[in-house]
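Student: I am new to this structure. Could you take me through it in short steps?

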Amino acid sequence: MMLGLLKKMLSTEPRKNEGVVICGGEAVRYDIVRSNRRTMSIVIRRDDCSVSVRVPLSVSNETITDFVDSRKEWIERHRSQIAESNRNRIVRRYEDGATHLFLGRPYTLRLNIDKAEGVVIDGDTLHVSVKSPDRCQKVLYEWYARMAEVELMKVARPLIHMFAEEKGRQPSAIKFVKAKSYWGQCSSTGVIKLNIELVRAPIPCIEYIVMHELCHLVHHNHSSRFHALVECYVPDWKARKKLLEATVSCRC
Ligand SMILES: [Zn+2]
């Protein structure tokens, strides 16, 4: 019993640039990153829930420990939220039997070897025909890219129309792009870019992203007035954003 406890304590002994905080009964290590900054902040990585604390150069270890201790409920809450959303997210595999989302619905991938390549949806199956299995990711991506143009526009068109009637603004162009860091973007010239991967997401999430970008045609920032406008069109945008984060990622 004592030995077990001792081992547990030893295994959580922090290194020089590390600390340990007990969150929800679990010893959580964190990295201490010192830099030329003025405030302390805690960052939790999305992919592995690891914690790092960014601090000014001169701050003492004791101050860091006190700071992290005072935020341990926040750390616990955010780590469990991230872990939950990572569990829900379907890991993409490009092989027979894998699951892929389309407009928020899961489909089972069936891989067929065929000279004529292409993708056909039938019930809850995605039939992917490829010359060789290593072509699956490419062929499926090209299909998603084509579907994005059709399906994302189906969702966006009535919203664009409604927004133009009410606000007198409309995008100068809509582009469908491959991007790892954003779902949508609106340029100062009114070009709205939508991430192709958005076609995997449930329709309420697509609506939210489109409305967010349309509101940027009025406010080119994330000011409180911008958020008030989004809230006016999508009062439950927070729930939609959460659903999007829990369902798909544009990073993989
Ligand atoms: Zn924005």
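Tutor: Two residues are in contact if their C-beta atoms, placed from the backbone, lie within 7 Å. Keep in mind that this is a predicted model.

Student: Which residues of H4 meet H5?

Tutor: Helix H4 covers residues 136-167, and helix H5 covers residues 203-215. From H5, the residues involved are Ile203, Ile206, Glu207, Val210, Met211 and Leu214. Their partners in H4 are Leu152, Val155, Ala156, Leu159, Ile160 and Phe163.

Student: By class, how many residues in the contact of H4 with H5 are nonpolar?

Tutor: Glu counts as charged, and Glu207 of H5 takes part in the contact. The contact has 1 charged residue and no polar ones. The number of nonpolar residues is 11.

Student: Are H4 and H5 parallel or oblique to each other?

Tutor: The two helices pack with their axes 10 Å apart, at an angle of about 40°. Angles under 35 degrees would count as roughly parallel. The crossing of H4 and H5 is right-handed. The two helices are therefore oblique.

Student: Why is the chain described as more spread out than a compact globule?

Tutor: The chain has 7 helices and 11 strands. For 252 residues the globule rule gives 18 Å, and the chain is well over that, so it is more spread out than a compact globule. The value behind this is a radius of gyration of 23 Å.

Student: What percentage of the residues of the chain count as buried?

Tutor: A residue is buried if 20 or more other C-beta atoms lie within 10 Å of its own. Of the 252 residues, the share that counts as buried is 21%.

Note on methods. Residues numbered from 1 in each chain as written. Predicted model: local features only at pLDDT ≥ 70, side-chain atom pairs only at ≥ 80, totals over all residues. Helix = DSSP H or I, 4+ residues; strand = E, 2+ residues; numbered from the N terminus. Rg over C-alpha atoms; globule rule 2.2 N^0.38 Å. Buried ≥ 20, exposed ≤ 12 C-beta atoms within 10 Å, placed from the backbone. Axes fitted to C-alpha atoms, helices over the stretch in contact; angles between N-to-C directions. Parallel < 35°, antiparallel > 145°, perpendicular 65-115°, else oblique. Left-handed = near helix turned anticlockwise from the far one by under 90°.
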